[in-house]
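Colleague: I'm new to looking at protein models. Could you show me how to read a helix and its charged pairs?

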Amino acid sequence: MTSNYARCYDEFDSDFSDEEENAEKHVKKKQRKGDEELLRKPFQKASRGKVAHRQVAEQEWDREEARNQRFHLISMDAFARHQKFVNDYILYYGGKLQDFQLPKGNRKTDLDVIRENHRFLWQEEDEEDMTWEKRIAKKYYDKLFKEYCIADLSRYKENKFGFRWRVEKEVVSGKGQFFCGNKRCDEKEGLKSWEVNFGYEERGEKRNALVKLSTDSIWICSDKYISR
């Protein structure tokens, strides 16, 4: 009789205990997930349950390497960057460093290019067919301060005067506005602003421009220039 009662008890066993255990596990899992979300930092990336595919890892590696290379190039100056590119080209494709050197007679600096393409005043027709040499000269022109001029009076007896715009260093020091505009005169008493018609010839074309000069007198400054 005992064995029959035991067998009947097994046949009519309840599943409530298993359901309660599963419900408790689900609640703990949900609570643990909520705690992880609270502890996760804003910049922290979500953890992956599986290992990334090899192709994904290679793409991420290439992206990180490109960022490092870009940062390295930006931190270099223009000449160092040029040297690196030349050395890399020789390393991968072969050749000699002498192949990249120009003949001595054909070497030009940026200053030479600016002198050849400089304009005292840029007009609309001057900006047509802009080459890279003209763009460099125009970029230099845009950085000049075109209010007061600096005068060169060394040839005033020939009735020839040279005028140019001021650079940043002269604006900061007050040269040409609070000091005499003659490049070899530092007088600062009794100055007046003169607006004169500057006639000049540029690339075979005669032009005129109204320029502003700060000085006591052009002729007095001319005498001072000669006496120095």
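**Reading helices and salt bridges**

Modeller: Happy to! Keep in mind that this model is predicted. Let's start with Lys138, which counts as buried because its relative accessibility is 16%, under the 20% cut-off. Its salt-bridge partner is Asp142, with 2.9 Å from N to O. Asp142 is partly exposed, at 47% relative accessibility.

Colleague: How many residues apart are Asp142 and Lys138 in helix H6?

Modeller: Here is the general idea: an α-helix has 3.6 residues a turn, so residues three or four places apart point the same way. In this case, Asp142 and Lys138 are four residues apart in H6 (residues 132–142), about one helical turn.

Colleague: Which residue forms a salt bridge with Lys84?

Modeller: That is Asp88, with the closest N and O atoms 2.8 Å apart. Both residues lie in helix H4, again four residues apart. Asp88 is partly exposed, with 24% relative accessibility.

Colleague: And which residues of H4 are buried?

Modeller: Lys84, Val86 and Ile90 are buried. They sit on the same side of H4, because they cover an arc of only 165° around the axis. Helix H3 (54–74) is included in what covers the buried residues of H4.

Colleague: What about the other side of H4?

Modeller: There, Ala78, Leu91, Tyr92 and Tyr93 are exposed.

Notes: Residues numbered from 1 in each chain as written. Predicted model: local features only at pLDDT ≥ 70, side-chain atom pairs only at ≥ 80, totals over all residues. Heavy atoms only, no water. Buried < 20%, exposed > 50% of the residue type's maximum accessible area, 1.4 Å probe, protein only. Helix = DSSP H or I, 4+ residues; strand = E, 2+ residues; numbered from the N terminus. Arc of directions from axis to C-beta. Contact = heavy atoms within 4.5 Å. Salt bridge = Lys/Arg side-chain N within 4 Å of Asp/Glu carboxyl O.
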